[in-house]
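Hi,

Here is the structure I promised to pass on. Have a look at it first, and my notes follow below.

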Amino acid sequence: MKATVTNIGANAISPNEQVMILFGDKEITENLQKVSVAQKFTTPRQGFQISDEILIDGEKFEVEYKGKLVDQNFEELGHITLFFSEVPDTPQHNAIYLTPHRMPQVHVGSKIEYC
């Protein structure tokens, strides 16, 4: 699955948090635009598995944990919450936790590949 970043909300990326909230550019609401990254898909959306990879501008991240709500949210809304941190004792059901634990740089036009 491939997508391109089309918009980054004013409060979407925090230097203090290792999290990125993404929505499909057709499904994102006006309120969510402020705190989310919008992505336009060029291929159909489908679910994830543990040890799948997400490439952001060629930088590789591996899925360590996938919450039980991830696939449905992603397929219906292009919504995914990415945590670039260790999996906590009580992980969020709508999130994917990735390794390595570092936040990538994104910009409008960044390429995201889900594989």
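Before the strands, a word on terms: two strands pair if DSSP finds at least two bridges between them. Strands themselves are DSSP runs of E with at least two residues, numbered from the N terminus (helices would be H or I runs of at least four). By that rule, strand β1 (residues 2-8) pairs with strand β8 (residues 111-114) in the antiparallel sense, over 3 bridges. Within that pairing, Ala 3 stands opposite Ile 112 of β8.

Please keep in mind that this is a predicted model, where local features need pLDDT of at least 70 and side-chain atom pairs count only at pLDDT 80 or more, while totals for chains, interfaces and linings use all residues. Residues are numbered from 1 along each chain as its sequence is written, and side-chain values use heavy atoms, with hydrogens and water left out.

The barrel

Overall, 8 strands close into a barrel, in the order β1-β3-β2-β6-β7-β5-β4-β8, with mixed pairing. From one strand to the next the twist averages 35° (axes are lines fitted to C-alpha atoms, for helices over the stretch in contact, and angles run from 0 to 180 degrees between N-to-C directions).

Around β7

Of its 5 residues, 4 are buried, so β7 is mostly covered; buried means under 20% relative accessible area, exposed over 50%, and partly exposed in between, with a 1.4 Å probe and protein chains only. On one pairing, β7 runs antiparallel to β5 over 4 bridges, and Glu 62 has Thr 99 in β7 as its bridge partner. On another, β7 runs parallel to strand β6 (residues 80-83), joined by 3 bridges. There, Phe 83 stands opposite Tyr 97.

Aromatic rings

How many aromatic pairs does a search of the whole structure find? The count is 6. Rings of Phe, Tyr and Trp (its six-membered ring) pair if their centres lie within 6.5 Å; planes under 30 degrees apart count as stacked, over 60 as edge-to-face and the rest as tilted. Phe 83 and Tyr 97 count as stacked because their ring centres are 4.9 Å apart and their planes sit at 15°. Since Phe 83 is in β6 and Tyr 97 in β7, the pair ties together parts that are 14 residues apart in sequence. Phe 83 is buried at 15% relative accessibility, and Tyr 97 is buried too, at 2%. Elsewhere, ring pairs link Phe 41, Phe 74 and Tyr 114 into a cluster.

Salt bridges

The whole-structure search finds 3 salt bridges, each being a side-chain nitrogen of Lys or Arg within 4 Å of a carboxyl oxygen of Asp or Glu.

- Glu 59 and Arg 102 have their closest N and O atoms 2.8 Å apart. Glu 59 is partly exposed at 25%, as is Arg 102 at 42%.
- Lys 66 meets Asp 71, again with the closest N and O atoms 2.8 Å apart. Lys 66 is partly exposed, with a relative accessible area of 23%, and Asp 71 is partly exposed at 21%.
- Glu 53 and Lys 60 join through their side chains at 3.9 Å, N to O. Glu 53 is partly exposed at 25%, and Lys 60 is partly exposed at 48%.

Cheers
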